[in-house]
Amino acid sequence: MFSFREVLAAVQAYGKAHQFIMQHKLWKWILIPGIMYCILFMTGIYFVWGYSGDFVEYLFNLLPVKVWIQDLESSWISFFFILLGLSIRFMILLLCFSYYKYLFLVLGSPLFSYLSEKTEAIMERKDYPFSWQQFMKDMGRGIVMSIRNSLNQTLCVIVLIILSFIPIVGWITPLFAFFIEAYFYGFSMVDYSCERYRLNTKQSIQFIRAHRGIALGNGMVFYILMFIPVLGWIMAPSYAVIAATIHLSDKRLLHGASW
């Protein structure tokens, strides 16, 4: 389970992130990863949506669903299968988008790690000495964590794709997929702060599981931003990193000690 209070606090952290970005003029750190993400996202949407329609068509032809619908001559049955086809396409879109997302997380891991570190350095008015050794170590950790999250999320989404074939239940599977996607994306954003405080992978996983609301709230706002064409796509990644960093820094200070 998760705490609704933590979800709300993670959402509110985006407002703090916006004020922080405005105050410290961090717009270049929004634009660089944002434009990269925007290009990957638009490319993925274009190809996946088109091919998912061909897949659904092939699947219905393979299962002789079209012939069965034509024999019944029922508009309600036809409408039901249109909804079913759309649900399957959305599930495929989310699954493929996950891989684009994690590809971007791998590519942008060094930049996001630095952005999280820079955010806290400004907040606490101190510098973190740069180390190539630590930089490579953090980048490797980010890649491993992204691969782990992608595998876990893929298993969850495959289960939802199977459930999408069940009448009525299938209609709400995209909503469950949204929450799963949001959680795992927020997970990656929170982990940048965890790695900076030298939590190992196991400790980071335990912490985030104990505070699922933080990851879920962070990821949910990210997806809401993704509904804003271009501008939202550019803002979402860096805003998510900065919001998670601010939230985790506040949480650490409230407890008066490191995790």
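Helices (H or I, at least four residues) and strands (E, at least two) are taken as DSSP runs and numbered from the N terminus. The structure described here is a predicted model, in which local features need pLDDT of at least 70 and side-chain atom pairs count only at pLDDT 80 or more, whereas totals for chains, interfaces and linings use all residues. Residues are numbered from 1 along each chain as its sequence is written, and side-chain values use heavy atoms, with hydrogens and water left out.

The protein chain has 9 helices and 0 strands, and its elements accordingly run α-α-α-α-α-α-α-α-α from the N terminus on. Of its 259 residues, 48% count as buried, where buried means under 20% relative accessible area, exposed over 50%, and partly exposed in between (1.4 Å probe, protein chains only). Confidence is expressed as pLDDT, the predictor's value for each residue, from 0 to 100. The mean pLDDT of the protein chain is 79, with 81% of its residues at 70 or more. Helix H1 (residues 4–24) has the highest confidence, at a mean of 93, and helix H3 (residues 65–72) the lowest, at 57. Where pLDDT is low, the predicted coordinates should not be read in detail.

An unreviewed UniProt entry lists residues 26–49, 76–100, 155–180 and 220–242 under "transmembrane region"; UniProt positions are given in the numbering used here, feature names are shortened, and annotations may be inferred rather than shown by experiment. In the model, residues 26–49 are 96% helix and 0% strand, and the end C-alpha atoms of this span lie 34 Å apart. For residues 220–242, the corresponding values are 78% helix and 0% strand, with the end C-alpha atoms 15 Å apart. Valine 230 lies in the loop between H8 and helix H9 (231–255). This residue has a positive phi of about 60° although it is not a glycine, and valine 230 is partly exposed, with a relative accessible area of 41%.

Isoleucine 224 lies in helix H8 and counts as exposed, at 52% relative accessibility. Its C-alpha atom is separated by 8.8 Å from that of alanine 236, 12 residues away along the chain. Alanine 240, in helix H9, counts as buried, at 0% relative accessibility. The C-alpha atoms of alanine 240 and asparagine 218 are separated by 6.4 Å, the two residues being 22 apart along the chain.

Helix H8 (residues 212–225) also packs with H1, at an angle of about 45° and with the axes 7 Å apart. Axes are lines fitted to C-alpha atoms, for helices over the stretch in contact, and angles run from 0 to 180 degrees between N-to-C directions. H1 and H8 are therefore oblique to each other, given that angles under 35 degrees count as roughly parallel, over 145 as roughly antiparallel, 65 to 115 as roughly perpendicular and the rest as oblique. The crossing of H1 past H8 is right-handed; a crossing is left-handed if the near helix is turned anticlockwise from the far one by less than a right angle, and right-handed if clockwise. Lysine 25 lies in the loop between H1 and helix H2 (27–62). Lysine 25 has a positive phi of about 50° although it is not a glycine, and at 67% relative accessibility this residue counts as exposed.

Glutamate 181 lies in helix H6 (residues 169–196) and, at 0% relative accessibility, counts as buried. Its C-alpha atom is separated by 9.7 Å from that of serine 150, 31 residues away along the chain. Glutamate 117, found in helix H4 (residues 75–124), is partly exposed, with a relative accessible area of 22%. Glutamate 117 and arginine 196 are 79 residues apart in sequence and 7.3 Å apart in space, C-alpha to C-alpha.

The structure holds 8 aromatic pairs. Among them, tyrosine 183 and phenylalanine 184 form an edge-to-face pair, 5.2 Å centre to centre and with 70° between the planes. Rings of Phe, Tyr and Trp (its six-membered ring) pair if their centres lie within 6.5 Å; planes under 30 degrees apart count as stacked, over 60 as edge-to-face and the rest as tilted. Both tyrosine 183 and phenylalanine 184 are buried. Ring pairs also link Phe178, Phe179, Tyr185, Phe222 and Tyr223 into a cluster.
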